[in-house]
Amino acid sequence: MQASGVWSLQPLADMSAAEFRDWQALLEDRTGVVVNEQRRAFLQTSLGARMRELGINDYGSYYRQVTDGPRGAVEWSNLLDRLTVQETRFFRHKPSFDLLERYLRQRVDEVGQSRPLALWSVGCSSGEEPYSLAMVTTQVMEAAGLAPLFGVTGTDISLNALGKAREARYAARKLDEFDAGLVARFFIAQDDGRYQVVPNLVERVCCARLNVLELAKAPMSGMDVIFCQNLLIYFRRWRRREILNRLAERLAPGGMLVVGVGEVVDWHHPALEPVADERVLAFTRKG
Ligand SMILES: C[S@@+](CC[C@H](N)C(=O)[O-])C[C@H]1O[C@@H](n2cnc3c(N)ncnc32)[C@H](O)[C@@H]1O
């Protein structure tokens with residue numbers, strides 16, 4: 001026991017150039033996420049931490065384990081959480097949510113209660129974004145005197161993040177900037193100091209695993225709102241454009257796509273019009 005404890009504290013050897021290229025390619029191939037030379041140390045530390053837990057001391061053996069059939073798939077799923085950035089916040093990038101509110105007021109007027117509004121958070125992480133979408137939509141519908149007839153879909157590649165999103169329980173610090181009314185309306189304080197999203201908001205949000213590289217398999221269509229913020233930034237430019245082209249096809253006529261500011265430049269889609277607001281990057285579908 002003691003010997004293995006001592007061993008586990010030994011630093012791992014540096015990754016060779018060939019090993020770095022293999023891991024880089026695996027991650028990009030499976031997730032789209034690019035680990036460039038500047039993030040090499042991050043890749044090495046993240047892999048190293050997991051390899052120590054498993055008692056593996058060379059990157060090549062671990063690579064073979066991760067790429068080895070169904071057993072590898074389970075390990076890959078564990079590793080993914082260490083290799084992807086899952087940081088998120090409620091109402092992240094306020095101008096996007098201000099735009100959402102304005103857009104929904106108008107959309108609710110047009111659609112009324114003829115059908116449920118459909119919203120989608122692409123790369124939803126632990127749920128803060130889809131619940132933020134649900135809070136804004138609830139408030140807009142309430143203000144219009146309508147029942148909350150809508151659904152939010154949150155999708156992510158990480159099962160661990162999706163588990164947190166489904167649990168819908170957040171540390172108090174996550175709600176620091178909320179006004180008291182919003183907390184009282186949408187959260188229930190728990191004995192452990194965390195805050196649970198109220199059941200009638202949770203039941204409007206459905207979270208599912210989806211790799212954005214496999215959008216062709218996704219059943220979503222006719223979406224009124226798609227949020228895709230802080231995900232494409234990790235991808236190559238050509239891939240960002242491809243993904244946005246696929247997302248544009250999933251919008252309902254008049255639907256709105258919101259992307260993180262600066263995450264794509266010079267992207268146009270024949271069916272979309274840019275929203276004239278320089279604080280946001282958003283497009284609406286014509287017709
Ligand atoms: C930085 S978080 C952004 C969360 C949220 N959209 C926001 O703006 O706060 C990025 C999320 O994208 C997910 N992700 C990374 N690659 C993905 C892929 N290929 N398909 C789907 N989700 C992916 C990660 O697991 C992570 O939860």
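Colleague: Let's start with Ser125: buried or exposed?
Modeller: Ser125 is buried, with a relative accessible area of 6%. Buried means under 20% relative accessible area, exposed means over 50%, and partly exposed is in between, using a 1.4 Å probe and protein chains only.

Colleague: What kind of model is this?
Modeller: This is a predicted model, where local features need pLDDT of at least 70 and side-chain atom pairs count only at pLDDT 80 or more, while totals for chains, interfaces and linings use all residues. Residues are numbered from 1 along each chain as its sequence is written, and side-chain values use heavy atoms, with hydrogens and water left out.

Colleague: Back to Ser125, then. What is phi of Ser125?
Modeller: Phi of Ser125 is near 50°, a positive value in a residue other than glycine.

Colleague: And where does Ser125 lie?
Modeller: Look in the loop between strand E1 (117-122) and helix H7 (128-143). Those labels are DSSP runs numbered from the N terminus: helices are H or I with at least four residues, and strands are E with at least two.

Colleague: What about Asp266, what is its phi?
Modeller: For Asp266, phi is near 55°, and that is a positive value in a residue other than glycine.

Colleague: Is Asp266 buried or exposed?
Modeller: Asp266 is exposed, with a relative accessible area of 69%. Its place is in the loop between strand E8 (251-259) and strand E9 (272-274).

Colleague: Which loop has Cys124 in it?
Modeller: Cys124 lies in the loop between E1 and H7. Cys124 counts as buried, at 1% relative accessibility.

Colleague: So which residues does Cys124 touch?
Modeller: Not counting residues up to four places away in sequence, Cys124 touches Pro130, Gly154, Thr155, Asp156 and Leu162. Contact here means heavy atoms within 4.5 Å.

Colleague: Changing topic: which residues is Thr88 in contact with?
Modeller: Leaving aside neighbours within four places in sequence, Thr88 is in contact with Ser125, Ser126, Glu128 and Lys174. Thr88 is found in the loop between helix H5 (69-83) and helix H6 (94-111), and it is buried, with a relative accessible area of 12%.

Colleague: Which domains does the chain have in the domain assignment?
Modeller: The assignment gives domain 1 (2-83) and domain 2 (94-285). Domain bounds like these come from an automatic or database domain assignment.

Colleague: How many Å separate the centres of domain 1 and domain 2?
Modeller: Taken over C-alpha atoms, the centres of domain 1 and domain 2 are separated by 32 Å. As for touching, ten residues of domain 1 are in contact with eleven residues of domain 2.

Colleague: Let's look at H7 again. Which residues does Thr137 touch?
Modeller: Thr137 has its place in helix H7. Not counting residues up to four places away in sequence, Thr137 touches Leu104, Leu117, Leu119 and Phe150. At 0% relative accessibility, Thr137 counts as buried.

Colleague: And where is Asp98?
Modeller: Asp98 is in helix H6. Asp98 is partly exposed, with a relative accessible area of 24%. Asp98 and Val136 are 38 residues apart in sequence and 9.1 Å apart in space, C-alpha to C-alpha.

Colleague: What is Val275 in contact with?
Modeller: Val275 lies in the loop between E9 and strand E10 (281-285). Leaving aside neighbours within four places in sequence, Val275 is in contact with Leu99, Ala282, Phe283 and Thr284. In sequence, Val275 and Leu99 are 176 residues apart, but in space they are 9.3 Å apart, C-alpha to C-alpha.

Colleague: Now zoom out. How many helices and strands are there in the chain?
Modeller: The chain has eleven helices and ten strands. Of its 287 residues, 48% count as buried.

Colleague: What radius of gyration does the chain have?
Modeller: The chain has 21 Å, which agrees with a compact globule of 287 residues, where the value would be near 19 Å. The radius of gyration is taken over C-alpha atoms, and the globule rule is 2.2 Å times the number of residues to the power 0.38.

Colleague: Last one: what box do the C-alpha atoms fill?
Modeller: Along the principal axes, the C-alpha atoms of the chain fill a box of roughly 70 × 50 × 35 Å.
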